[in-house]
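User: I have a structure open and want to learn how to read it. Can you take me through some features?

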Amino acid sequence: MRFRHIFSETLHGLRRNLTMTLAVIMTMWVSLSLFGAGLLANQQVDLMKGRWYDKIEISVFLCTKDTRGNQCSPGQDVTEAQKQVIHQTLASNPEVAPDGVYFESKAEAFAEFRTAYEGNPIQDSLTVDQMQESFRVKLSNPEQYEGVVSAVAGLPGVQTVQDLRKYLDPFFSWLNLLQWGTIIASALLLFAAALQIGNTIRLAAFARRREIGIMRLVGASNLYITLPFLFEAVISALIGAGLACVTLASGVYFIITKKAEVSIQSLPWIGRNQALLACGGVAVVGLLLAIIPTLITTRKYLRV
Amino acid sequence: MIRFEGVSKTYDGQRRAALSGVDVDIEKGEFVFLVGASGSGKSTFLRLILREQRATKGKVFVAGRELNKLHSWKIPAMRRQIGTVFQDFRLLPNKTVSENVAFALQVIGKPAPVIKKVVPEVLDLVGLDGKGSRMPEELSGGEQQRVAIARAFVNRPMILIADEPTGNLDPATSVGIMKLLDRINRSDTTVLMATHDSTIVDQMRKRVIELDDGEVVRDQSRGVYGYQ
């Protein structure tokens, strides 16, 4: 009886406030979709960072007879002593991964050059001696590279220090900006949704003020009075969150799995797991957005 | 049953006390009229018993419990022992007479078979048998007040509080309502009725507590409305 009454009150309330309920559902849908999209973008960026940063190493190219550079003596190869100092500096740097320094000799560089340009006439234009020696350095944390670069860039015998991060960083900062933009926009919308839910509940409480007054008078418990409102808000929020999940899942399926993954196979792409995770986040935020404003408004308007 | 010990109540933002230094003791099964001019503190007196307001000073006991010390989550249980009737009936216009009475039981979680059995009984008691399926607007004022009394009494409370229950009714109808309240009182229910109706008070010859400017100026058993 008790629960049947609460349930019928909830349905009654939802029907009575149909237009407001629809408005809440749609606001929830759009804002939670945007929020979920932010979460997905975040995961996509993380995936790409993980894949690329793993491969990134810093290349410290050393002087040859033909190279020019501030630390090179014209017409001279780098000396053994200089190589020793550079190697020492790299190996003792805390930001360099343990055993992360690898020396690439002229012969190895030449072999790599030949495989890279196999069958190309350019192969014959260079000799082993013209190749450049280099240190390949792996970092313990790929995000921290400036320290290593500045430690060796000024050493004698170093022609140039090449770091791929320099090219990737602007790309990632754009992605970050996009992702934060999405999250901030969704936060504003979610805040609006929370206010809307609070107002809807306030209107519903006002519409039922006679009943509520009598319930309080005859000694209905607070929980009993509050539950229909809470259920109303939670049901709207769950429908909104469900729609947002469907939107996100189909977005991932049609845009990522069907299109992007097929045309750009070299990149890692988010898939079902990330979509599920985003759905979970959306559901939790949706529920909180329903419960918190409802409790605040009912506390204010249904006080004993 | 109801005891006030040195009770004062000052509403927020007001300098004048609505009640000051009230000492009253009402026994189980008593019938008490609460009289006094508008603004004398009658409503505040009733609100303190219902714990809609808290005493600023002093102690209010209802059925042995001190209300100021009562946890807010225990208030609903306390209110189930008090039935309340108002001048404006406060019926739900979209529910039938039976549904109005049943509502009071539903919302405190009484099982459906009990409600089915008890509601016709109480409608019979207040003289409304056969009118359970009517809507409130189809009834006269006196009948509507009977529905309200049925709703207040259906849970067999220990205390019935009536705030000007005859205020909207003509004298003849009022007599009927008073007979009903008297009958309820005889089933050992404590009745506390605030009223302006001197005829009724004079006829009934029950205990009268008079408030003036927030103070008890008279507490007289078998009293009348005004001084004689």
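Analyst: Start with a contact: two residues are in contact if their C-beta atoms, placed from the backbone, lie within 7 Å. This is a predicted model, where local features need pLDDT of at least 70, side-chain atom pairs count only at pLDDT 80 or more, and totals for chains, interfaces and linings use all residues. Residues are numbered from 1 along each chain as its sequence is written, while chains are lettered from A and ligands numbered from 1 in the order in which they are written.

User: How many residues does the contact take from chain A and from chain B?

Analyst: Chain A gives 16 residues and chain B gives 19 residues.

User: Which elements of chain A give two or more residues to the side that touches chain B?

Analyst: Helices (H or I, at least four residues) and strands (E, at least two) are DSSP runs, numbered from the N terminus. Here the elements are helix H1 (2-16), helix H7 (209-218) and helix H8 (222-263) of chain A. H7(A) supplies the largest share, 7 residues.

User: How many helices and strands does chain A have?

Analyst: Chain A has 9 helices and 4 strands. Along the sequence, the pattern is α-α-β-α-β-α-β-α-β-α-α-α-α.
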